[in-house]
Amino acid sequence: MCTNCAIQINLPCHELPQIFFFLFDLESFKRIKEASNIFIFLVALSFAYFAKALSGSYMKSTITQLERRFDIPSYLIGVIDGSFEIGNLLVIAFVSYFGAKLHRPKIIAMGCVLMSIGTFIIALPHFLIGRYEYETSVRWVENSTLSPAPCRAEQSTGDCLHTDCESESNLSMWIYVLLGNVLRGIGETPVQPLGISYIDDFTTEENAALYIGCVQTISVVGPVFGYLLGSLCAKIYVDIGFVKMETITITPDDSRWVGAWWLGYLVAGVITLLSAIPFWFLPRSLPVPGPHFQRKDNDEQKGFIKDHPHLKKKYTADEHTGFIEMAKDFIPTLRTLLAHPVYLIYLCVTVIQLNSLIGMVTYKPKYIEQHFRQSASKANFLMGVINIPAVALGMFSGGLLMKRFKLNIMGAAKFAFSTSLIGYVLSMFFFAMSCENAKVAGVTLSYDKIDEISYDKHSLFTACNRDCVCSSNEWDPVCGENGITYLSPCLAGCSTSAGLRNNTVFSNCSCIGVGGNLTANTGQCLEKDDCDSMFPYFLALSVITSFIISLGGTPGYMLLIRCIKPELKSLALGFHTLATRTLAGIPAPIYFGAIIDTTCLRWGQKKCGGIGACRIYNTTAYRIAYLGLTLSLRTVSFIICIPGFILLGRQLKKEEQDAIHALSNGGTELEALRKEECVILNSDQPLHTPENSTDRHTRL
């Protein structure tokens, strides 16, 4: 046998072991290369998820900074935030469908480059508009050794002249932020549907859930750094490097403070650009994994058993399909997808729940700022180091639990529903965690009854400041010794002042005490005794609910992948993303912001007329509107889940019956073939002639 082999391949026998060893090394190298490719793709996709999540969370951490910088209300910030989803809406369906049939890694790379460009455009307005000017009375004394009286008997000629109103046109620069966010949304489009489908196509079924859970976990870790970056930038003054910090009269706790919002976008843009590099070097496709014996059985059974269960698992796109053929097949494929009842129910539930989630997350830092009277920097820091890690741990734990208990589709659906319901019940306790409204004279209480907080319209002018020429639109708050905040030193009736900038002390304030012998300091009174005791409980409950709800994230996502046919997977993921972007990502920040705007008690005024950013909210109304809307949406989603479970059970029962029927038919055909083979082997014809060997091979 050895001699024949040696003669056949023209090599001596002693060299055959070396040849086999070489071939074995080639096979091992090939397998290592294949494994390294999927590993590199996982790392690259995780980094891309991290980059897009970082820039997205940083956008949400800067909403109050953008409100104050461009003097716009919350609903307009919602439009800017929703513009990211508009970018997705423009291209998501086509990218998901055509991208699945093209070079997916390179399309993801191009998307990352577009995301980076859009992020840089968001920061552009800072370099095009002038310096930030805030309302203040302390500016009067910047270039003088004498401190003029805030309460003046007559209007000075200089005060009636507004600052040049041409600078007001600079406020339209927020449109650049909107356009940059649209471009960022377009670039983000291919990352999720093409990345997830690539993993699911070229990994085993056991590892797919774990890998996807890991990628989604990284995507939740991204916001940790996004909010931390937002916290850092919120501490830095917006015009750092362009103005002397000694001239700044406000602090980060002031409602007029604007941090260096633009700086974080430059950092996020660089990180996003780096994430595009690895995808350019990855192959279009990888070998479909599976044990050797499964592949051998499949080769034998493919001719006999249609729709074999193992063959349903993976779907590889036809690399030679033309663009015209793909375009013609798009509408019928989409119609088939939308005719799937379980998919439609899942779509409705996730759209409603994402409305609740997106609206809550978008304005949660602002809720912490306004309700618990924390600075923007501290609110972002707490979101980054406490809340987001709980979500990341929950997502990862959900993937592990699904792998550990080998949950099927129905098990994953029940698990996701249970965790969401428990989180819903716990969230109701947020209503009990409240703080009293700030005491602001003329806003939340009258000058006469300083102990009774009321939200009726109060007069800013009374006997104590009637002789002063004050502006009712001015917002330059001072804190009196009586613990009451006044909108300006003039409205507090202060007649003299001493000191410079934020160390200025106003004295002889007629509205603060009897005889007007009390003083006031710059800035709003920080009455946080009741909030400081309640705030830790709020944080603890927020962490617990975030962890429990996020446990169902990965099982819920796997339900979406497994409830449809493999060839519809990329389109289903893409259309799911399209629907959630359109019906949740775009409208949720807008109507949440509009409802929050209705709770504003005092609006800032633009120099040339019109309202600007809100200065103070009715915290009770804010809490009811914010939490009530969040929980109401989730209540509706739970009701829709009931028919979803019924339809899912019917689908699984039908698939099980079809699988049993297919296997029984396949077994019958295979048994008939084996009997025919036995007849051939027992016949009198020679079995080793070339003709008979060919005939046997053809029959088999």
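**Close-ups of a sheet and its disulfides**

**View 1. The C479–C525 disulfide, shown in a predicted model.** Because C479 sits in strand 1 and C525 in the loop between strand 5 and helix 16 (529-551), this pair ties together parts that are 46 residues apart in sequence. The two sulfur atoms are 1.9 Å apart. C525 has a relative accessible area of 7%, so it counts as buried.

View 2. Zoom in on strand 1 (residues 478-480), which runs antiparallel to strand 2 and is joined to it by two bridges. Here C479 has T485 of strand 2 as its bridge partner.

**View 3. The C464–C511 disulfide.** Its sulfur atoms are 1.9 Å apart, and the link is right-handed, with 95 degrees about the S-S bond. Distant parts of the chain are linked here, 47 residues apart: C464 is in the loop between helix 15 (409-427) and strand 1, while C511 is in the loop between strand 4 (505-509) and strand 5 (518-522). C464 is partly exposed at 24% relative accessibility, whereas C511 is buried at 12%.

**View 4. The C600–C614 disulfide.** This pair has its sulfur atoms 2.0 Å apart and makes a right-handed link, with 105 degrees about the S-S bond. C600 lies in strand 6 (residues 600-605) and C614 in strand 7 (residues 611-617), so parts 14 residues apart in sequence are tied together. Both C600 and C614 are buried.

Notes: Residues numbered from 1 in each chain as written. Predicted model: local features only at pLDDT ≥ 70, side-chain atom pairs only at ≥ 80, totals over all residues. Heavy atoms only, no water. Pairing = 2+ DSSP bridges. Helix = DSSP H or I, 4+ residues; strand = E, 2+ residues; numbered from the N terminus. Disulfide = S-S within 2.5 Å. Buried < 20%, exposed > 50% of the residue type's maximum accessible area, 1.4 Å probe, protein only.
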